[in-house]
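Colleague: I have a few questions about how the terms are used for this protein. Could you walk me through them?

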Amino acid sequence: MSALTYKGRPVPFIAAWSLERVAVPPLLATPGGLAFEWRPRDAAGVAWKPWLDQPGAGEPEYGYVHGPRQRLAMQSLLCQVCGQPVERDELGYPWLLEDQRGEEGWPEREVTTHPPVCPECQPGSAIQCRHLRGNVASVRVGRVLTDGVHGQMYTASRPPVPVGEQTVLFAGDARLRWILGAQIAATLLDVTVVDMRTQTPVSREAVRR
(Lines give C-alpha, C1' and ligand atoms only; values in the text may rest on other atoms or scores of the structure.)
Protein backbone atom coordinates (compact mmCIF):
# COMPACT_ATOMS: atom_id res chain seq x y z
CA MET A 1 0.00 0.00 0.00
CA SER A 2 0.97 3.67 -0.29
CA ALA A 3 3.52 4.82 2.28
CA LEU A 4 1.60 8.07 2.77
CA THR A 5 -1.84 8.44 4.29
CA TYR A 6 -4.10 11.37 5.04
CA LYS A 7 -6.78 11.09 7.72
CA GLY A 8 -6.39 7.32 7.58
CA ARG A 9 -6.78 7.09 3.82
CA PRO A 10 -3.91 5.97 1.54
CA VAL A 11 -2.69 8.66 -0.82
CA PRO A 12 -1.61 7.46 -4.29
CA PHE A 13 2.05 7.89 -5.17
CA ILE A 14 1.25 10.13 -8.15
CA ALA A 15 -1.32 12.32 -6.36
CA ALA A 16 -0.33 15.96 -5.93
CA TRP A 17 -0.17 17.63 -2.53
CA SER A 18 -1.38 21.19 -2.12
CA LEU A 19 2.01 22.66 -1.16
CA GLU A 20 3.74 21.10 -4.17
CA ARG A 21 2.07 23.48 -6.61
CA VAL A 22 4.15 26.34 -7.99
CA ALA A 23 3.23 29.18 -10.29
CA VAL A 24 4.33 28.55 -13.86
CA PRO A 25 7.19 30.97 -14.63
CA PRO A 26 6.90 33.20 -17.68
CA LEU A 27 7.24 31.23 -20.90
CA LEU A 28 9.45 32.33 -23.76
CA ALA A 29 9.15 31.76 -27.49
CA THR A 30 12.67 30.90 -28.62
CA PRO A 31 14.02 29.71 -31.99
CA GLY A 32 14.05 26.20 -30.52
CA GLY A 33 10.51 26.39 -29.19
CA LEU A 34 8.77 26.98 -25.88
CA ALA A 35 11.11 27.53 -22.94
CA PHE A 36 11.56 28.88 -19.43
CA GLU A 37 14.38 31.35 -18.89
CA TRP A 38 16.30 29.23 -16.39
CA ARG A 39 14.95 25.72 -17.01
CA PRO A 40 16.31 23.61 -19.90
CA ARG A 41 14.08 21.55 -22.18
CA ASP A 42 14.55 17.78 -22.22
CA ALA A 43 16.40 15.84 -24.93
CA ALA A 44 13.25 15.81 -27.10
CA GLY A 45 12.94 19.59 -26.84
CA VAL A 46 9.96 19.52 -24.46
CA ALA A 47 9.45 22.09 -21.71
CA TRP A 48 7.83 20.51 -18.65
CA LYS A 49 5.46 22.11 -16.15
CA PRO A 50 7.37 22.66 -12.88
CA TRP A 51 6.43 21.17 -9.51
CA LEU A 52 7.94 21.02 -6.06
CA ASP A 53 8.72 17.49 -4.90
CA GLN A 54 7.35 17.44 -1.34
CA PRO A 55 4.95 14.49 -0.96
CA GLY A 56 3.04 14.87 2.29
CA ALA A 57 3.21 18.68 2.29
CA GLY A 58 -0.23 20.20 2.82
CA GLU A 59 -3.30 18.23 1.82
CA PRO A 60 -3.60 15.62 -0.92
CA GLU A 61 -5.30 16.73 -4.12
CA TYR A 62 -6.65 13.42 -5.35
CA GLY A 63 -7.95 14.89 -8.60
CA TYR A 64 -4.55 16.27 -9.64
CA VAL A 65 -1.49 14.36 -10.82
CA HIS A 66 2.03 15.31 -9.78
CA GLY A 67 3.79 15.46 -13.13
CA PRO A 68 7.33 14.39 -12.17
CA ARG A 69 6.09 11.41 -10.11
CA GLN A 70 3.76 10.38 -12.93
CA ARG A 71 6.67 10.43 -15.36
CA LEU A 72 8.84 8.46 -12.95
CA ALA A 73 6.09 5.85 -12.52
CA MET A 74 5.67 5.51 -16.29
CA GLN A 75 9.36 5.33 -17.13
CA SER A 76 10.29 3.00 -14.25
CA LEU A 77 7.01 1.01 -14.28
CA LEU A 78 6.07 1.84 -10.69
CA CYS A 79 2.59 1.32 -9.27
CA GLN A 80 0.79 4.64 -9.38
CA VAL A 81 -0.75 3.90 -5.96
CA CYS A 82 2.04 2.49 -3.77
CA GLY A 83 5.04 3.61 -5.82
CA GLN A 84 6.67 0.16 -5.84
CA PRO A 85 7.94 -1.57 -9.02
CA VAL A 86 5.24 -3.72 -10.62
CA GLU A 87 6.13 -7.33 -11.34
CA ARG A 88 5.86 -8.76 -14.82
CA ASP A 89 4.39 -12.23 -15.36
CA GLU A 90 4.19 -14.25 -18.58
CA LEU A 91 1.45 -11.92 -19.87
CA GLY A 92 3.15 -8.67 -18.95
CA TYR A 93 2.75 -5.79 -16.52
CA PRO A 94 -0.43 -5.18 -14.47
CA TRP A 95 -2.59 -2.21 -15.47
CA LEU A 96 -6.06 -0.82 -14.96
CA LEU A 97 -7.97 0.71 -17.87
CA GLU A 98 -11.36 2.21 -18.46
CA ASP A 99 -13.44 -0.70 -19.73
CA GLN A 100 -14.21 -0.16 -23.43
CA ARG A 101 -14.89 -3.73 -24.48
CA GLY A 102 -17.51 -2.62 -26.99
CA GLU A 103 -14.91 -0.80 -29.11
CA GLU A 104 -13.26 -2.73 -31.94
CA GLY A 105 -9.62 -3.55 -31.27
CA TRP A 106 -9.69 -2.52 -27.61
CA PRO A 107 -7.47 -2.72 -25.56
CA GLU A 108 -4.61 -3.13 -28.07
CA ARG A 109 -2.68 0.11 -28.71
CA GLU A 110 -4.55 1.89 -25.92
CA VAL A 111 -2.96 5.28 -25.16
CA THR A 112 -3.00 6.23 -21.49
CA THR A 113 -1.47 8.70 -19.05
CA HIS A 114 -2.24 6.38 -16.12
CA PRO A 115 0.78 4.36 -14.89
CA PRO A 116 0.52 0.67 -13.99
CA VAL A 117 -1.23 -0.59 -10.87
CA CYS A 118 0.02 -3.64 -8.97
CA PRO A 119 -2.55 -6.40 -8.30
CA GLU A 120 -2.56 -5.66 -4.57
CA CYS A 121 -3.58 -2.04 -5.18
CA GLN A 122 -6.08 -2.70 -7.98
CA PRO A 123 -9.25 -3.36 -5.92
CA GLY A 124 -8.91 -0.12 -3.96
CA SER A 125 -7.91 1.87 -7.03
CA ALA A 126 -10.91 0.57 -8.98
CA ILE A 127 -13.18 1.99 -6.27
CA GLN A 128 -11.38 5.25 -5.50
CA CYS A 129 -10.27 6.48 -8.94
CA ARG A 130 -12.97 8.72 -10.38
CA HIS A 131 -12.17 7.95 -14.02
CA LEU A 132 -12.45 4.19 -13.39
CA ARG A 133 -15.26 3.94 -10.87
CA GLY A 134 -17.80 1.37 -12.02
CA ASN A 135 -16.15 0.89 -15.42
CA VAL A 136 -12.78 -0.77 -14.94
CA ALA A 137 -10.83 -3.58 -16.59
CA SER A 138 -7.70 -5.29 -15.29
CA VAL A 139 -5.17 -6.06 -18.02
CA ARG A 140 -1.65 -7.31 -18.51
CA VAL A 141 0.59 -5.39 -20.91
CA GLY A 142 3.36 -7.12 -22.83
CA ARG A 143 5.05 -3.98 -24.19
CA VAL A 144 4.92 -0.37 -23.03
CA LEU A 145 5.96 2.48 -25.32
CA THR A 146 6.41 5.72 -23.39
CA ASP A 147 6.22 7.62 -26.65
CA GLY A 148 3.80 10.47 -25.94
CA VAL A 149 3.60 13.81 -24.14
CA HIS A 150 0.33 15.08 -22.70
CA GLY A 151 0.14 18.81 -22.20
CA GLN A 152 -0.97 22.25 -23.33
CA MET A 153 -0.04 23.65 -26.73
CA TYR A 154 1.22 27.23 -27.01
CA THR A 155 1.61 29.66 -29.90
CA ALA A 156 4.98 30.85 -31.14
CA SER A 157 4.00 34.45 -30.43
CA ARG A 158 5.76 36.68 -27.93
CA PRO A 159 4.69 36.05 -25.27
CA PRO A 160 3.41 32.53 -26.03
CA VAL A 161 -0.27 31.96 -25.25
CA PRO A 162 -2.12 28.67 -24.74
CA VAL A 163 -4.20 27.45 -27.66
CA GLY A 164 -6.84 24.71 -27.87
CA GLU A 165 -7.47 21.85 -25.45
CA GLN A 166 -4.77 19.78 -23.81
CA THR A 167 -3.57 17.08 -26.17
CA VAL A 168 -1.12 14.20 -26.67
CA LEU A 169 1.76 14.44 -29.14
CA PHE A 170 4.02 11.53 -30.03
CA ALA A 171 7.75 11.17 -30.57
CA GLY A 172 8.89 12.73 -33.83
CA ASP A 173 6.11 15.34 -33.95
CA ALA A 174 7.67 18.74 -34.71
CA ARG A 175 5.03 20.41 -32.54
CA LEU A 176 6.55 18.91 -29.37
CA ARG A 177 8.71 22.01 -29.00
CA TRP A 178 5.55 24.09 -28.50
CA ILE A 179 3.87 21.95 -25.86
CA LEU A 180 4.12 22.53 -22.11
CA GLY A 181 4.39 18.93 -20.99
CA ALA A 182 2.40 17.74 -17.99
CA GLN A 183 2.48 13.93 -18.16
CA ILE A 184 3.93 11.07 -20.20
CA ALA A 185 1.48 9.12 -22.35
CA ALA A 186 2.16 5.44 -23.01
CA THR A 187 1.01 3.20 -25.85
CA LEU A 188 0.15 -0.29 -24.58
CA LEU A 189 0.88 -3.31 -26.79
CA ASP A 190 0.25 -7.06 -26.51
CA VAL A 191 -2.56 -6.40 -24.03
CA THR A 192 -4.57 -9.19 -22.37
CA VAL A 193 -7.72 -8.62 -20.32
CA VAL A 194 -7.49 -10.56 -17.06
CA ASP A 195 -9.57 -11.29 -14.01
CA MET A 196 -8.62 -8.72 -11.37
CA ARG A 197 -8.64 -11.25 -8.55
CA THR A 198 -6.77 -14.14 -10.20
CA GLN A 199 -4.84 -12.20 -12.88
CA THR A 200 -5.69 -14.95 -15.37
CA PRO A 201 -6.90 -14.25 -18.92
CA VAL A 202 -10.57 -13.55 -19.57
CA SER A 203 -12.17 -15.46 -22.46
CA ARG A 204 -12.61 -13.75 -25.82
CA GLU A 205 -16.38 -13.98 -25.42
CA ALA A 206 -16.24 -12.14 -22.11
CA VAL A 207 -14.03 -9.41 -23.59
CA ARG A 208 -16.53 -8.76 -26.40
CA ARG A 209 -19.45 -8.28 -23.98
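Colleague: Which residues does His150 touch, not counting residues up to four places away in sequence?

Modeller: His150 touches Thr113, Gln166, Thr167, Val168, Ile179, Leu180, Gly181, Ala182 and Gln183, where contact means heavy atoms within 4.5 Å. A word on the source: this is a predicted model, in which local features need pLDDT of at least 70 and side-chain atom pairs count only at pLDDT 80 or more, while totals for chains, interfaces and linings use all residues. Residues are numbered from 1 along each chain as its sequence is written, and side-chain values use heavy atoms, with hydrogens and water left out.

Colleague: Why is His150 called buried?

Modeller: Buried means under 20% relative accessible area, exposed over 50%, and partly exposed in between, with a 1.4 Å probe and protein chains only. His150 has 19% relative accessibility, so it counts as buried. His150 lies in strand S10; strands (E, at least two residues) and helices (H or I, at least four) are DSSP runs numbered from the N terminus.

Colleague: And why does Glu90 count as exposed?

Modeller: Its relative accessibility is 71%, so Glu90 counts as exposed. Glu90 sits in the loop between H1 and S8.

Colleague: What makes the phi of Leu77 worth a remark?

Modeller: Leu77 is not a glycine, yet its phi is positive, about 55 degrees. Most residues other than glycine have a negative phi. At 15% relative accessibility Leu77 is counted as buried. Lys7 also has a positive phi, near 55 degrees, but Lys7 counts as exposed because its relative accessibility is 77%. Its place is the loop between strand S1 (5–6) and strand S2 (9–10).

Colleague: How do you know that the bond joining Trp106 and Pro107 is cis?

Modeller: Omega there is about 5 degrees, and the peptide bond is cis. Pro107 is in the loop between S8 and strand S9 (110–112). Arg158 and Pro159 are likewise joined by a cis peptide bond, with omega about 0 degrees; Pro159 belongs to the loop between S10 and strand S11 (167–170). Most peptide bonds are trans.

Colleague: What makes a set of residues a nonpolar core, and which members of the largest one touch the most others?

Modeller: A nonpolar core is a set of buried Ala, Val, Leu, Ile, Met, Phe, Trp, Tyr and Cys residues joined through side-chain atoms within 4.5 Å. The largest has 39 residues, and Cys79, Trp95, Cys121, Val139, Ile179, Leu180 and Leu188 touch the most other members. Among the strands that each supply at least two residues are S8 (93–98), S10 (136–153) and S12 (179–194). S12 gives the largest share, seven residues. Beyond its neighbours within four places in sequence, Cys79 has contacts that include Phe13, Val86 and Cys121. In soluble globular proteins, nonpolar side chains tend to be buried together.

Colleague: Last one: why is the protein chain called as compact as a globular protein of that length?

Modeller: The chain has three helices and 12 strands. Its radius of gyration is 18 Å, close to the 17 Å that the globule rule gives for 209 residues, so it is as compact as a globular protein of that length. That radius is taken over C-alpha atoms, and the rule is 2.2 Å times the number of residues to the power 0.38. Of the 209 residues, 44% count as buried.
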